[in-house]
Amino acid sequence: MNYCIIGASAAGINAIESIRAYDKKSNIALISDEDFSPYSRCLLSYLLAGSLTKEHLHFKPKDFLEKNRVNFQRGVKAERILYKERKVLLSDKSQIPFDKLLLATGARPKIPRIPGIEKRGVYPLRTLSDAQKIEGCIKAGLETAVVLGGGLIGMRSAYALAKRGVKVKVVVKSPHILSQAIDQPSAEIVQGYLEKRGIEVLTKTDVIEISGQERVEEVTLDNGKRIKAGLVIIGKGVVPNSELAEEVGIKIREGILIEKNLETSLKDIFAAGDVVESFDLTSGETSLNPLWPVAVEQGKLAGLSMVNKSVEYQGTVPMNSLTLFNLSLITIGLVNPFKENYSVMVYADKKKYLYRKFIFYRNRLVGTILLGEIEKAGIFSLLIRKMVDVSSLKEIFIEKEFNYAKIIPFILDNPEIFKEKEFNDTLLSLQKEFVS
Amino acid sequence: MVKIFCDIKKCLGCRTCELACAIEHTQAKELFKALQEENLPQARIENEKIMINNFSFSLTCQHCEDAPCVNACISGAMFKDEKTGETKCDTDKCVGCWMCIMVCPFGIIKQGKKNAVKCDLCPEREDFACVASCPTKALFGGTREEFQNKLNNSTTQ
Ligand SMILES: Cc1cc2nc3c(=O)[nH]c(=O)nc-3n(C[C@H](O)[C@H](O)[C@H](O)COP(=O)(O)OP(=O)(O)OC[C@H]3O[C@@H](n4cnc5c(N)ncnc54)[C@H](O)[C@@H]3O)c2cc1C
C-alpha cells in the first residue's frame, strides 16, 4: 500500500500518526512545499515576540518522521494529481504513486489588492519564512509598523511587535477588532486595554496605498491620513489551498467538501484541515474552520479512514484563545447570532477587563465569550459540543463558583451523552446512590 | 491508568488536598518558605461543591484517553505518556496559549504565570501529596479498577 500526504502541518502529521498506529509496513510519502521540517505555525507570533526560539517550533518529537518511516519530500510542490494513474506529479518532475491520498494543503493568506502591496517590508504571517523576513526588519532597527486587519492573526502580530518595542498601529475596516471572533462590547474592552499598552487601533478605515521607494515607508488610509511604517503585516484572513483538488475534479465550494469519513468526492482521496469545509455544530452550517485543533482532529480521523477504520466525523465547534499581555480571551461557538430565537446573558466589568457572554438557542448553550477569567472555559465547550438542555444551569454560569461539580447532576442524568469513561470515573462513588 | 479518585461520600470539603498539592509543587515543599518563592504555590486539585446533598469532592486531571487538551495544544507541550497513559505538560514547550483550558471538559487546567498548570501525579514522590494529606481518606491514587474494588469493599463492610 502507498499512502501519500500533501502538506506537513497539523492535519498531515496527525494523519501519519493514525496510519502508523495500524499499518507499520506500507509506504508513506509526505510532500511539503515549505523547505523546513514540520513546525507549528501557531507559534510564529511567539517566535516574533521573542518568547521562544526556532528550536521550540516543532510540535512532535524531533525523530517523528524517522520513527514513523516517512519518505519526506520537502521544498517540492505537488503540482498535479493524476487520478487514473494514481500518481502525484511534483515540481521537481518526480512522481509519487498512491493508493490513498490525503490533501492536507491548508490555507494561505488573503492578499488584498492595494497599490504597493508587493513592496519589500509588506508580509503576511503564515510561514516560517514570512516570520524570518519580519524578524529581519525588526533586527534592522524597525521603529513603526502597521498591521492590516484586526483578526486573530493581526492582533497576535501586533502584540508580538509591541513586545519587541515597535510602535504598532492596527488598521481595521470593521467598527471594532476581532469582529469575526467576538462582539462589540468585549472588543471595545480589549481595544481600551491595548491602547493603554501602546497598540493603537484605527477602526472603520482601510489602507488604500502602500508607498516607499523599494521598501514600504508609509501607508495611506481612505480618509487621506498617512502613517509612517517600516513594516506592514497583512492579516486579512486565509483562503484554502484547494486548487489541486479543483483541477482533478473534486467537489469544492470555498474549501474541499468532505464526507463523514473525510473522503472527498473522488474515492481514495481524502482531505483534512484548513483546506476543507466542515459542519459547524453551533451554526448548523458547513463552513471553513481554519483552526489548529480542527486540523488535528480531522487529520487523525482521515488517517484512520485511510487505513479503513470506520470513521464518522460529526463536525466541529469553532473556538479560539488569545492572550495579549496579561489579558486572556476565549471564544467558543456562535458568538454573534444572526438568527432569531437566540437569547443572551451578559456580565461585564469594564474596569477590571472582565466580560462573559453566553448565547443560547432553545435552551442549549451555543456560544460563549470569556474575557479576563477563562479557567473554566472547557466546561462550556463541553456543554456546547454535547448540545444538552442547560436551562436548569444557566443562572450559575456567570458565578465565580461555576465549576465541573455544578454539571454533575446533568452528567448523572445523561449517561448516554456523557459517555466518555472519564466522566464516569469522577462519579464512581456517587453512582449507587443516584442511579437506581 | 493511575490517577486520583475521590470518594464523594467521604469528602468533607476541607481543602487540605489543595494546600498539600500547592506546597508539593514548590521548590521548598514547605508552606512558610514556599510563600516567599517567586511563583506563589498553586494547587492542581480543586475542591468543588456539588449541588446535591451538600456533597463536595476534589477533582484533578482525569488523564483522558482521547485527551482534548493534547489535540488542541499548538506547541506539542501537552502529550500522552505512551507507557503510563498519563497526560503530561512539558512546561519548557508550553507557551501559555490556553488552548488546553479552552477544551478541558473538567475545567481543571490552571493558568500559571507562563504555562499551563495541571496534575503531574507528583513525580518527585512515591505517593501523592493530595492523597497522603486527606484526613478522611476520601482520595485514592490508583487505577479505576482498584478504586472500584475499594468502594465495593467499603460498602460490603
Ligand atoms: C501566526 C498564526 C497563529 C495561529 N494561531 C492559532 C491558534 O492559536 N489557534 C488555532 O486554532 N489556530 C491558529 N492558527 C491557525 C492554524 O495554524 C491552522 O489552522 C493550521 O496550521 C492548519 O493546519 P493544516 O495542516 O490544515 O494546514 P497548514 O498549516 O496550512 O499546512 C499546509 C501545508 O501544506 C503545504 N502545501 C500546500 N499546497 C501544497 C502543494 N501543492 N504541495 C506541497 N505542499 C503544499 C503548505 O505550504 C503548508 O506547509 C494560527 C495560524 C497562524 C499563521
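This is a predicted model: local features need pLDDT of at least 70, side-chain atom pairs count only at pLDDT 80 or more; totals for chains, interfaces and linings use all residues.
**Group meeting talk: a ligand between two chains**

I will begin with the ligand, where α1 (10-22), β2 (27-32), α5 (152-163) and α8 (292-306) of chain A each contribute at least two residues to the shell around it, the helices (H or I, at least four residues) and strands (E, at least two) being DSSP runs numbered from the N terminus. Residues are numbered from 1 along each chain as its sequence is written, chains are lettered from A and ligands numbered from 1 in the order in which they are written, and side-chain values use heavy atoms, with hydrogens and water left out.

Where does the ligand lie? The ligand sits between chains A and B, and 33 residues surround it, the closest being A:Ser9, A:Asp33, A:Glu34, A:Arg41 and A:Arg126; a residue counts as near if one of its heavy atoms lies within 4 Å. Among the elements I named, α8(A) gives the most to this shell, with three residues. By class, the shell has 18 nonpolar, eight polar and seven charged residues, where Ala, Val, Leu, Ile, Met, Phe, Trp, Tyr, Cys and Pro count as nonpolar, Asp, Glu, Lys and Arg as charged, and the others, Gly among them, as polar.

Let me turn to individual contacts. A polar contact here is a pair of N or O atoms within 3.5 Å. An oxygen atom of the ligand is 2.5 Å from a polar side-chain atom of A:Asp33, and an N or O atom in the side chain of A:Arg41 lies 2.6 Å from a ligand oxygen atom. From A:Pro290 it is a polar backbone atom that takes part, at 3.4 Å from an oxygen atom of the ligand. The protein covers 95% of the 1,000 Å² of accessible area that the ligand has on its own, as given by the Shrake-Rupley method with a 1.4 Å probe.

Now the domains, whose bounds come from an automatic or database assignment. Chain A is assigned domain 1 (2-108 + 239-306), domain 2 (122-234) and domain 3 (326-435), and the ligand shell draws at least three residues from each of domain 1 and domain 2 of chain A. The centres of domain 1 and domain 2 of chain A, taken over C-alpha atoms, are separated by 30 Å. Their contact, meaning heavy atoms within 4.5 Å, takes 14 residues from domain 1 of chain A and 14 residues from domain 2 of chain A.

Finally, how many residues of chain B are in contact with chain A? There are 49 residues of chain B in contact with 45 residues of chain A. The area buried between the two chains, that is, the accessible area (1.4 Å probe) that two parts lose on being put together, summed over both, is about 4,100 Å², with carbon and sulfur atoms giving 59%. On the chain B side, B:Asn71, B:Ile74 and B:Met102 lose the most area to chain A, together 16% of what that side buries.

Notes
A polar contact is a pair of N or O atoms within 3.5 Å; within protein, one must be able to donate a hydrogen and the other to accept it, and residues adjacent in sequence count only if both atoms are side-chain atoms.
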